[in-house]
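Let's walk through a model together, one feature at a time.

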Amino acid sequence: MTEIQSLMQGFALAVTPENLMFGFLGAVLGTAVGVLPGLGPAATISLLLPLSYALGSPLTSIIMMAGIYYGAMYGGSTTSILLNMPGEAASVVTCIDGYQMAKKGRAGAALGMAAVGSFFAGTVGIIGLSFIAPPLARFALNFGPAEYFSLTVLGLMLAAYLSGRSIIKGVLMVVFGLLLATVGLDPISGKERYTFGTMILMDGLDFLTLAMGVFGIGEIFLNLEEKIKNELVTTKITNLWPTLADWARSKWAVLRGSLVGFFVGLLPGGGAVIASLVAYAVEKKASSEPENFGQGVIEGVAGPESANNAAASASFIPMLTLGIPGNPAIAMIYAALLIQGVQPGPFLIQDHPDVFWGVIASMYIGNVILLVLNLPMVGLWVQMLRIPYAILAPTVVLICSVGVYSIKNNVTDVAMMLIFGVMGYILRKLDFELGPLLLAFVLGGILEKSLSQALLISNGDFSVFLTRPISATLLGVVALMIMLPPIVSLMRRRLGKKSAAG
Amino acid sequence: MKKWQRRAALAFFVIAAGAAAKAVDIGFGSFDAPGPGFFPFWLAVLLAVVAVVYYASNREADAAAQPPMAAGRFRRPAIAAVIILLYTQALDFLGFATATFFLFGAWLRGVEQERWPKVGLVAVIGTVAVYVVFAVLLHLSLPRGLLI
């Protein structure tokens, strides 16, 4: 059966009333959290993970979660443009030129271009997902434990590498996350590990409790340090359709942003945030008037907004085909599938074609829904910004508490969430990125299992990781990533000394 | 800031040392038959190494004293943490709806310092809204205590 036929079957599943409704709900919720500063897509998906239990169908769950993720990419631009405050991290760069455009009375054009660019790029990303994912999954069927181990190590290294300014901090978070994942009963021997004799730790640390703690509660603590006061650009938003001149200036920016976003989104550890930053840099380089960037140039909105949407779609590829989630929000969707008993990875297309093709088809539909939601209804989203944080914060605490409580009907889990919240807050205060920690926590099981299996098969011979070509290549890339930064910094220092001497 | 980074590195090192010792207790096994402590042991070793590197990279003193956790900034997050802690303790005892009413009230008064009439109004409306969504519409099982 060709990909087109499978996709058509996916459409048949995606347009059932239930799936359409939850897809729409996801898109609306995603746009809302994208608009509201201080509540990102990862936190929102984590808040709604318990709903996966109630929904029953894995397809319906993932359709809703995916809608939240790419919906947030659309919504994030609204606050960046009107408030100079990114609704979520992937829209940080949109503030630079978007807000300047709004101050010049061109908020409508900026919002319109962001929405149309997002739609185009999102569609490019989904087309790529439809046609790249199946052959990649077929290729991944050849993977053994050694390849999985190396691929997971590469994914975690990339997460550490791309997460922030300091690679050491990223690696610290990865290793700490992996260590946290070992708490509980050993899956093979059944022996207790780091449970300190307590019942609550026997089942291990719960992903949902950890995610809601570090992202939901930790984020609230951080936001509470300063009173959030929203200052809207109050001029009436008119002319949402960009002018012909805007189109002419932006067409290549949208295309470049789509391609940059797609390829960055494919990388484990990549994702929408990095994609938008890279796209902004690319646009500045490509422009004949780079000095105007930062003063309200429409390409500065079109490029990054296109990139973050393309990346959001592309980041489903490593998760669905290799079973390696590339960023925290995708890790949440990965967890939602596991909750439903569906293991993402190369066998997903074979074992659950309905889930695989259904979610892809729903993304095409969701993209159209989001365009409709974001262009004519922008005024409504702006009104949402008037909800005071004083009410929003305790509401989020309540949603987190109910979500965590509903897993095992145990109040102790809510207390655990608070502990993780404090931990997340302290780590964020010390400038640690929490994405790699969460990714490592999710991938810890795969890493341990593949390492143990590979060693068992090879009778404890570590060369198994280097004698198999795919594994060796992946580990080679990891080695390069470790060695490159010190070499580059050494070369820079030497060059600096030479030029100072000369 | 660097002082705090060094403290964080030390904390990670202590965690790593404890985790490594415990992993040996659990059972290291061997390379051809890894035991339950095998993977955690190597992780702990790696964590210790990275913590040392991190400490070393923050050796030099700060140019200016810039503690990332100035006391004033802590106040509202600390009050919020205490309120959530009390909420977790009150859930089983008072029940979801009553504890939620107090959570809204304590938050708006303690963290946001809103006036009492607004506190009361938001607490009542918020509690009813949350109860309707979770208990009535979503049929979630919520803690029941002395009250509802």
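**Reading the two chains**

A: Of the 148 residues of chain B, 43% count as buried, where buried means under 20% relative accessible area, exposed over 50% and partly exposed in between (1.4 Å probe, protein chains only). This is a predicted model, in which local features need pLDDT of at least 70 and side-chain atom pairs count only at pLDDT 80 or more, while totals for chains, interfaces and linings use all residues. Residues are numbered from 1 along each chain as its sequence is written, chains are lettered from A and ligands numbered from 1 in the order in which they are written, and side-chain values use heavy atoms, with hydrogens and water left out.

Q: How many helices and strands does chain B have?

A: Helices (H or I, at least four residues) and strands (E, at least two) are DSSP runs, numbered from the N terminus. Chain B has five helices and zero strands, so its elements read α-α-α-α-α from the N terminus on.

Q: What share of the contacts in chain B join residues at least 24 apart?

A: Contact means heavy atoms within 4.5 Å. If you take the contacts in chain B between residues at least 6 apart in sequence, 59% join residues at least 24 apart.

Q: How many residues of chain A are in contact with chain B, and how many of chain B with chain A?

A: The count is 59 residues of chain A and 59 residues of chain B. For the area, remember that buried area is the accessible area (1.4 Å probe) that two parts lose on being put together, summed over both. Here chain A and chain B bury about 5100 Å² between them, and carbon and sulfur atoms give 79% of that area. On the chain A side, A:Y194, A:L224 and A:L398 supply 12% of the area buried against chain B, more than any other three residues.

Q: Could we follow one residue? Where is B:R76 placed, and is B:R76 buried or exposed?

A: Look in helix α3 (residues 71-94) of chain B. B:R76 counts as buried because its relative accessibility is 9%. Leaving aside neighbours within four places in sequence, B:R76 is in contact with A:N223, A:L224, A:E226 and A:K227, and also with B:V111 and B:E112. A polar contact is a pair of N or O atoms within 3.5 Å; within protein, one must be able to donate a hydrogen and the other to accept it, and residues adjacent in sequence count only if both atoms are side-chain atoms. The side chains of B:R76 and B:E112 are joined by such a contact, of 3.1 Å.

Q: How many aromatic pairs are there over all chains?

A: Rings of Phe, Tyr and Trp (its six-membered ring) pair if their centres lie within 6.5 Å; planes under 30 degrees apart count as stacked, over 60 as edge-to-face and the rest as tilted. A search of the whole structure gives 24 aromatic pairs. One of them is the edge-to-face pair of A:F176 and B:F12, 5.2 Å centre to centre with 75 degrees between the planes. This pair joins two chains, because A:F176 lies in helix α8 (residues 167-181) of chain A and B:F12 in helix α1 (residues 2-26) of chain B.

Q: Why is the pair of A:F221 and A:Y425 edge-to-face?

A: The planes of A:F221 and A:Y425 are at 75 degrees, with the ring centres 5.9 Å apart, so the pair is edge-to-face. The pair links distant parts of the chain, 204 residues apart: A:F221 is in helix α9 (residues 207-224) of chain A and A:Y425 in helix α19 (residues 411-429) of chain A. A:F221 is buried at 2% relative accessibility, and A:Y425 is buried at 4%.

Q: Which residues form one aromatic cluster?

A: The cluster takes in A:F149, A:F462 and A:F465, together with B:F28, B:F31, B:F38, B:F41 and B:W42.

Q: Which residue lies over the face of A:F432?

A: A charge sits over a ring if NZ of Lys or CZ of Arg is within 6 Å of the ring centre and within 35 degrees of the ring normal. A:K169 lies over the face of A:F432, at 5.3 Å from the ring centre. In chain B, B:R7 lies over the face of B:W4, at 4.9 Å from the ring centre.
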